Amino acid sequence: MLKLFRIDDRLVHAQVVLGWGREIRPDRILVADDFVAADEWERNIYTSAVPSEMKISILSLREAVDQLKTGIFDSERVILLVKGPKDALRLLELGLRIEEINVGGMHFSEGKEKILDNVYIDEDDRKALREMVKLGVTLEARALPGHERVILNSKIV
Amino acid sequence: MTTNKKYREMLGLIVTHGAFARELLNTVKQIVGNVDCCRALSNTGVSDDVLVEKIRNILDEDKERDTIVFVDYFGGSCSMNCLRAVKGYDRALIISGVNLPIILDFVTKQGTMDPEQVVDNLIRRGQESVRIIDM
């Protein structure tokens, strides 16, 4: 069962396993990322980053949706992570059903516009976020569970 | 009898969440005085790619010295990006779980023994300093 669907360009890191981990107590972290899934070295460093009480799956976007659809994770508390809005949108296009997406970490880099302290976007990001709003998704920006929930839907038009 | 053997100088690069690296280094300076064998970086507000680039720039600037990269939390983004940054560099190694005794040990021992010995020493120092104090 998906407890959190999060956009975070760092994927597995301390804020996720500790900050969200202590609130959600996930059984599994599911990383959906085509690049990481195809790169053994990257897979290994993310696998080593997960505490022993959590399992990790690192899958391509398509595999992630396929596996979620089979229901094999239904008995587990799952945090699903993608690096950016384009990947999140792709999961929805591939048939993932979700009402809310947490926009957790989109760090500054050259040419990105600041929306919030932890959310910087470029035009491609904006397009993908808008598409998700059209699909009826609530985009809530929050780095950690105890932070204020900021709804992005009206901020990215 | 003292020897005049010259040991290689080393660089310590502390990479942490928030202001921990900077303040750790400031604290070390309060204890031992000026320190020019250590630098500090934070991941706060910095994308992964930029952090990797900053680390590599420091490694490239300092080609003469072997570098120990100290990170705060194994599995956090600092440790992940340090791993990415040192990939392909044979003069750098990463130690996680940095604490004050480790950096104090590093700044006082580096340059006085072989780099391998410095590393062994400060891992032992860091581990020994985490203990229940019961006298």
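Let me begin with chain B, where an open sheet of four strands runs in the order β2-β1-β3-β4, with parallel pairing. Please bear in mind throughout that this is a predicted model. The edge strands of the sheet are β2 (38-42) and β4 (92-96) of chain B, each of which pairs on one side only. From one strand to the next, the twist averages 20°.

To give one residue pair, L13(B) has R39(B) of β2(B) as its bridge partner. A helix also belongs to this picture: α3(B) lies across β1, β3 (66-71) and β4 of chain B, and its direction is at about 170° to β4(B).

I turn now to the contact between the chains. How many residues does the contact take from chain A and from chain B? Chain A contributes eleven residues and chain B contributes 13 residues. On the side of chain A that touches chain B, the elements giving two or more residues are α1 (14-24) and α3 (40-49) of chain A. Of these, α3(A) gives the most, with three residues. By class, the residues on that side of chain A are five nonpolar, four polar and two charged.

In general, most residues other than glycine have a negative phi. L11(A), in the loop between β1 and α1 of chain A, has a positive phi near 50°. R25(A), which follows α1(A), sits in the loop between α1 and β2 (28-32) of chain A and has a positive phi of about 50° although it is not a glycine. Which of them is buried and which exposed? L11(A) counts as buried because it has 23 C-beta neighbours inside 10 Å. R25(A) is exposed, because 11 other C-beta atoms lie within 10 Å.

Next, a pair of helices in chain A. The axes of α4 (residues 61-70) and α5 (residues 85-93) of chain A come within 9 Å and cross at roughly 45°, which means that α4(A) is oblique to α5(A). The crossing is right-handed. The contact is made by L61(A), A64(A) and V65(A) from α4(A), and by D87(A), R90(A) and L91(A) from α5(A). By class, the contact has four nonpolar, no polar and two charged residues.

Leaving aside neighbours within four places in sequence, which residues does L129(A) contact? They are P85(A), L139(A), L152(A) and I156(A). As for I56(A), 73 residues from L129(A) along the chain, the C-alpha atoms of the two are separated by 26 Å.

Key. Residues numbered from 1 in each chain as written. Chains lettered and ligands numbered in written order. Predicted model: local features only at pLDDT ≥ 70, side-chain atom pairs only at ≥ 80, totals over all residues. Contact = placed C-beta atoms within 7 Å. Nonpolar A, V, L, I, M, F, W, Y, C, P; charged D, E, K, R; others polar. Axes fitted to C-alpha atoms, helices over the stretch in contact; angles between N-to-C directions. Parallel < 35°, antiparallel > 145°, perpendicular 65-115°, else oblique. Left-handed = near helix turned anticlockwise from the far one by under 90°. Buried ≥ 20, exposed ≤ 12 C-beta atoms within 10 Å, placed from the backbone. Pairing = 2+ DSSP bridges.
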